[in-house]
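User: I have just opened this entry and would like a friendly tour. Could you take me through it step by step?

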Amino acid sequence: KKTYTICCLPGDGIGPEIMAEGKKVLAAVGARFGVDFSCDDALIGGAAIDACGDPLPAATLEAARASDAVLLAAVGGPKWDATEPGAPRPEQGLLGIRKELGLYTNLRPVQVFAPLAGASTLRPEVIDGVDMMIVRELTGGLYFGRRERFYNEEGAGANGTSGQRAYDTLEYREFEVERIARQAFEAARKRRGRVASVDKANVLETSRMWREVVHRVHDAEYADIELEDVLVDNAAMQLISRPAEFDVVVTENMFGDILSDEAAQLTGSLGMLASASLGDGVALYEPSHGSAPDIAGRGIANPLAQILSVEMMLRCSFNMDDAADAVRAAVVAVLDDGLRTGDIVDGKTPRDKVLGTDAMGTAVAQRI
Ligand code: NAD
Ligand code: IPM
Ligand code: MN
């Protein structure tokens, strides 16, 4: 029997709650398709800070490197937000593992499941047919630039008094833009053949380089793909005015972070948006949302983004397309049966169809 080792990183907030449902679905897939998934938990984020003072312990990185794939839930929370300058933050664990594993491509598929057309805050005719892939650069830009904060600098306060100054730098190297552009064009070839490259080339030097490099890669290797440039502010608007017209959207790290949360709302909830973080070695799968401190510990979080991230793992890391299809079909069946978590209800959802995290995960697992 084939065995896959999965390094599980539950993290913080709703993380452990949704991770349990991801594992439940993996167990169901294993049983049906005759493979073993060996899931071992490791510490990351706030949980790791509490246990050993380090948001990304060396043992976690080692376990991740030795695994066939990494499944992450979410990190962060108010508990670790208000600490003294320089104190470790949960998010450093996530950024650290992305960087260490070289996960420069983050794929965030935005699809509207037909039964959820009424769950979005946008009109059904606007979201009808939405099916886009956000390709977010994940290991460069502002997230990994130089940064510094000065607490007492002359002239930084009002009226020439001393005060604080801080900066973050936004840098990209040509090869980083080239490789993410290729990922976007490759994705487009398997889809509807269109790429929208989102930048701020009217203001930022990095964006002007981004645009030039994307076009060079396009003209040399992907002339069959239809490429358009969209300025990021306009893209934010078009994402909600004509979302169905986007196919692949490629953009730098920070723009991709913001636009993907916006796009998630097309699907009804951030709790529906899965993602895959890919590099040249072991890959990591993570919902696009965070640790949802406002609902953590109540057993009501939507586990579907986590479960759909498992689907992406089966497809991208294990080449188990049949199993991935089965997970997707099970999610569709659950939604077709009218079952919902609190974040994706609409005015017509009867109370007895509103499930908690555990019951939703079980409903999906039973249909595999
Ligand atoms: P968030 O994504 O955690 O939550 C935003 C809103 O969406 C909240 O109202 C939350 O209840 C809701 N939501 C998110 N996921 C949901 C789910 N599965 N089911 C139902 N509702 C869901 O963003 P935030 O509140 O801005 O950030 C909270 C913490 O999470 C911060 O510490 C942040 O750094 C961290 N964060 C972590 C990740 C990650 O680990 N990948 C991603 C984003 C934010
Ligand atoms: C995400 C999150 C992370 C990011 C944070 C928690 C560092 O918002 O995965 O989208 O900004 O990349
Ligand atoms: Mn985000």
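Analyst: By class, the shell around ligand 2 has two nonpolar, three polar and two charged residues (Ala, Val, Leu, Ile, Met, Phe, Trp, Tyr, Cys and Pro count as nonpolar, Asp, Glu, Lys and Arg as charged, and the others, Gly among them, as polar). This is a predicted model, where local features need pLDDT of at least 70 and side-chain atom pairs count only at pLDDT 80 or more, while totals for chains, interfaces and linings use all residues. Residues are numbered from 1 along each chain as its sequence is written, and chains are lettered from A and ligands numbered from 1 in the order in which they are written.

User: Which helix gives the largest share of the shell around ligand 2?

Analyst: A residue counts as near a molecule if its C-beta atom, placed from the backbone, lies within 6 Å of it. Around ligand 2 these are Gly76, Glu91, Leu94, Leu95, Asp257, Ser288 and Gly290. Helices (H or I, at least four residues) and strands (E, at least two) are DSSP runs, numbered from the N terminus. Three residues of the shell, its largest share, come from helix 4 (residues 90-100).

User: How many residues surround ligand 1?

Analyst: The closest to ligand 1 are Gly76, Gly271, His289, Gly290 and Asn302. By class, its shell has ten nonpolar, seven polar and four charged residues. The number surrounding ligand 1 is 21.

User: How far apart do the C-alpha centres of domain 1 and domain 2 lie?

Analyst: Domain bounds come from an automatic or database domain assignment. Here domain 1 covers 1-109 + 269-368, and domain 2 covers 120-267. Their C-alpha centres are separated by 24 Å.

User: Which element gives the most to the side of domain 1 that touches domain 2?

Analyst: 17 residues of domain 1 are in contact with 18 residues of domain 2 (C-beta atoms, placed from the backbone, within 7 Å). On the domain 1 side, the elements giving two or more residues are helix 4 and strand 4 (105-111). With five residues, the one that gives the most is strand 4.

User: Is alanine 114 buried or exposed?

Analyst: Alanine 114 is in the loop between strand 4 and helix 5 (124-127). A residue is buried if 20 or more other C-beta atoms lie within 10 Å of its own, exposed if 12 or fewer, and partly exposed in between, with C-beta atoms placed from the backbone. Because alanine 114 has 11 other C-beta atoms within 10 Å, alanine 114 is exposed.

Methods: Contact = placed C-beta atoms within 7 Å.
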